[in-house]
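Please look at the sequence and the structure below. The report that follows goes through some of their parts one by one.

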Amino acid sequence: MFENRYYSFSSFLKKKFGGSVYKISIDAGFTCPNRDGSKGFGGCYFCNNSSFSGSRTRESVKEQIRLGKERLKSRKPKGFIAYFQSFTNTYANVSVLKKLYCEALEEKDILGISIGTRADCLPEDVLDLLSEISKKTMLWIELGLESIYDTTLKRINRGHTYEEFKNGYYKLRERVRDCYVCFHVIFGLPGENKEMMINTVKEINRLKPDAIKFHQLEIVKNTQFEKEYYEGKIEIMIFQDYLGILGEALKILSPAIIIQRLYNTTNPGYIVAPKENLNKKQMLDIFLKEKNIIQGSDYNEEVYKV
C-alpha cells in the first residue's frame, strides 16, 4: 500500500537513501528559447519564475546551496538534491553547464542533481555530459510537457510540438540510460476539457517516465495570461474542480510512476486567480480519503503495452 494513497517522491527517496532528502532550488542564470527569440518571445504565457522560485539571484551555485542547507537543517536531513529549477537549465554552452553542475556536486551532502529543462533543449553534447554525470550520481531530468495537444502548446507559446517533445524524450532515454525522468503537466489550460487532460495522463502511461508533477493552472502576475484573464479570454478552475480531475488522473496513472507534486504552491503574493485562501494539503488528503482514490486503482497495464 502506498503512503498517503500514492507513490510519493519522499517515500522513494527515503527508501533509496535511508532518510529524508530535500531539494535545494538553484537559479543558475539561464533563459529559455521561447524568451530570447530562438523560438519566440515572452516565454510560456502562464510562467513567471519568480512566483515559485523567488527573484533572480546573483549568488553562486555554492552559496545558494549553503543557504538552502541552512534553511533546512532543522529537519535533520539525510542529504540534499541540487535542483536547477529556474528557466531552461540545459540551454547554454556545454562547458558552462559542466562547470555549474560540477560546482553543485562538489558540495557536501549533495546526493544528486535535478535539472529542469525542455525536451527540445537536449543537443548531442549535452546528452553526453548528462550521461557522464548519471554514472556518478543520482540524476533527475525534469521535462515540461504540460499537454500532449499541439493546439494547447501553441496557445501557451510553448515553442515546440508534442512530436518534438517525444523525439527529445526518446533520445534522452536512449543516450542517458542511468537517469530518472520527471514530466510536468498542467490541468486547466485554455481550450482543454477534462477528456483532453485525462488523455494526456493516458499518454504519459505509454511513455513511462519515472515521475510526474501535476499542476493546476493559476493566473500569476506579470504574465501574458494575466493580461488575457483581465480581458475575459481565460476561465480558471477553482481548486475543488481541479481535485476532481486530479482524482480521475490518479486512478488511471501507473502505480510505478512516482508523484513529485500534486498541486501548485505558488507564492500567494503573485496569484491573480483563483483567489482562494485554502489549506490545499488538507483538502487533498480529505478528498483522497472520502473518494477512496488510490493511484493506479483503474490502471490496466495491457492497454499501454507497446
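## The loop around Lys275

Lys275 sits in the loop between β9 (271-273) and α11 (280-290). Helices (H or I, at least four residues) and strands (E, at least two) are DSSP runs, numbered from the N terminus. The model is a predicted one: local features need pLDDT of at least 70, side-chain atom pairs count only at pLDDT 80 or more, and totals for chains, interfaces and linings use all residues. Residues are numbered from 1 along each chain as its sequence is written, and side-chain values use heavy atoms, with hydrogens and water left out.

With a relative accessibility of 65%, Lys275 counts as exposed. Buried means under 20% relative accessible area, exposed means over 50%, and partly exposed is in between (1.4 Å probe, protein chains only). A polar atom of the Lys275 side chain lies 2.9 Å from the backbone oxygen of Ile271. This is a polar contact, that is, a pair of N or O atoms within 3.5 Å; within protein, one must be able to donate a hydrogen and the other to accept it, and residues adjacent in sequence count only if both atoms are side-chain atoms. Lys275 and Glu218 are 57 residues apart in sequence, and their C-alpha atoms are 9.4 Å apart in space. Pro274 lies in the loop between β9 and α11 too. The peptide bond that joins Ala273 and Pro274 is cis, with omega about -5°.

## The start of the chain

Tyr6 is in the segment before α1, and Ser8 is found in the segment before α1 (9-17) as well. Tyr6 is buried, with a relative accessible area of 13%, and Ser8 is buried at 6%. Contact means heavy atoms within 4.5 Å. Not counting residues up to four places away in sequence, Tyr6 touches Ile259, Leu262, Leu288 and Gln295. Ser8, with neighbours within four places left aside, is in contact with Glu3, Ile258 and Ile259. The C-alpha atoms of Tyr6 and Ile257 are 9.3 Å apart, although 251 residues separate the two in sequence.

In α1, the residues Phe9, Phe12 and Leu13 are buried. They cover an arc of only 95° around the axis, so they lie on the same side of α1. The arc is that of the directions from the helix axis to the C-beta atoms. An α-helix has 3.6 residues a turn, so residues three or four places apart point the same way. The cover over the buried residues of α1 includes β1, β2, β4, β5 and β8 (258-261). Just after α1, Gly18 takes a positive phi of about 80°.

## Helix α3

How far apart are the end C-alpha atoms of helix α3? They are 17 Å apart, which agrees with the 16 Å that its twelve residues (61-72) should span at 1.5 Å a residue. The expected span of a helix is 1.5 Å times one less than its number of residues.

The buried residues of α3 are Val61, Gln64, Ile65, Gly68, Lys69 and Leu72. Their arc around the axis is only 135°, which puts them on the same side of α3. Among the elements that cover them are β1 (21-26), β2 (79-84), α4 (94-105) and β3 (110-117).

## Strand β5 and its partners

Strand β5 (residues 180-187) has eight residues, and seven of them are buried, so the strand is largely enclosed by the rest of the structure. Two strands pair if DSSP finds at least two bridges between them. Strand β4 (residues 138-146) is joined to β5 by six bridges, and the two run parallel. Here Glu146 stands opposite Val185 in β5.

Six bridges also join β5 to strand β6 (residues 211-216), and these strands run parallel. Phe187 has Gln216 in β6 as its bridge partner. Together, β5, helix α8 (residues 194-207) and β6 make a right-handed β-α-β unit. A crossover is right-handed if, with the strands pointing away from the viewer, the path from the first strand over the helix to the second runs clockwise.

A polar atom of its side chain lies 2.6 Å from the backbone oxygen of Asn48. Leaving out residues up to four places away in sequence, Ser51 touches Val220, Thr266, Asn267 and Tyr270.
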